[in-house]
Amino acid sequence: ARQRSRTRHHMPKRMDSNPDTVDAKKSKVTGNPRQEKPYQDFEFVLGLLRETLHANNRDDLVAMIPGLKAPPDSERLRPEQFTKEIVQLYSLVFHLITMCEENGAVQARRHAEDESICAISGLWGQHLQAMKGAGFTSKQVAKLLPEIYVEP
């Protein structure tokens, strides 16, 4: 059975940057500010992780947080340096970047849907536009809708 720590953990109080704003400057990674958003969010979340670890007197782990850029060979961890805590830290960081990338993908899809409902393959808008292009009237489409079976 795992014992729980009885020490109180502190969360950072600082929230001075907003991860929902996309910087219009040229992106560091992709050159496209919209594509850069997940990486800006990731850096923001990593900053919060650093603050949380620091507030809980875990500066030893703060120094081990990996980033987007590969460290020079001289700073890379050797296999014998990977403790259980560092492996857990890396696992957490990988989860965080996955969440940021998934959030970025959802936001990009919403943006594309806002631009045109026909922009995303598989949505109703694309199929309805194809039917309109094939000469179907709105009455013909309405008559066909009850016969459509949609599989999730």
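**View 1. Salt bridges in the predicted model.** The count comes to 5 salt bridges, where a salt bridge is a side-chain nitrogen of Lys or Arg within 4 Å of a carboxyl oxygen of Asp or Glu. Residues are numbered from 1 along each chain as its sequence is written, and side-chain values use heavy atoms, with hydrogens and water left out.

**View 2. A salt-bridge network around Arg 58.** Salt bridges link Arg 58, Asp 60 and Glu 85 in a network. Arg 58 meets Asp 60 at 2.8 Å, N to O, and for Glu 85 and Arg 58 the closest N and O atoms are 2.9 Å apart. Helices here are DSSP runs of H or I, at least four residues, numbered from the N terminus. Arg 58 counts as partly exposed because its relative accessibility is 23%; buried means under 20% relative accessible area, exposed over 50%, partly exposed in between (1.4 Å probe, protein chains only).

**View 3. Arg 78 with Glu 80.** Here's another salt bridge, with the closest N and O atoms of Arg 78 and Glu 80 2.9 Å apart. Glu 80 has 59% relative accessibility, so this residue counts as exposed, while Arg 78 is partly exposed at 48%.

**View 4. Inside the largest nonpolar core.** This core has 13 residues, and Phe 42, Leu 46, Leu 49, Leu 53, Ile 65, Leu 89 and Val 93 touch the most other members. Helix H1 (33-55) and helix H3 (84-115) are the elements giving two or more residues, and H3 brings the largest share, 6 residues. A nonpolar core is a set of buried Ala, Val, Leu, Ile, Met, Phe, Trp, Tyr and Cys residues joined through side-chain atoms within 4.5 Å. Leaving aside residues up to four places away in sequence, Leu 89 touches Leu 49, Leu 53, Leu 61, Met 64 and Ile 65, a contact being heavy atoms within 4.5 Å.

View 5. Look for Leu 145 in the segment after helix H5 (138-144). Leu 145 counts as partly exposed because its relative accessibility is 40%.

Note on methods
This is a predicted model: local features need pLDDT of at least 70, side-chain atom pairs count only at pLDDT 80 or more; totals for chains, interfaces and linings use all residues.
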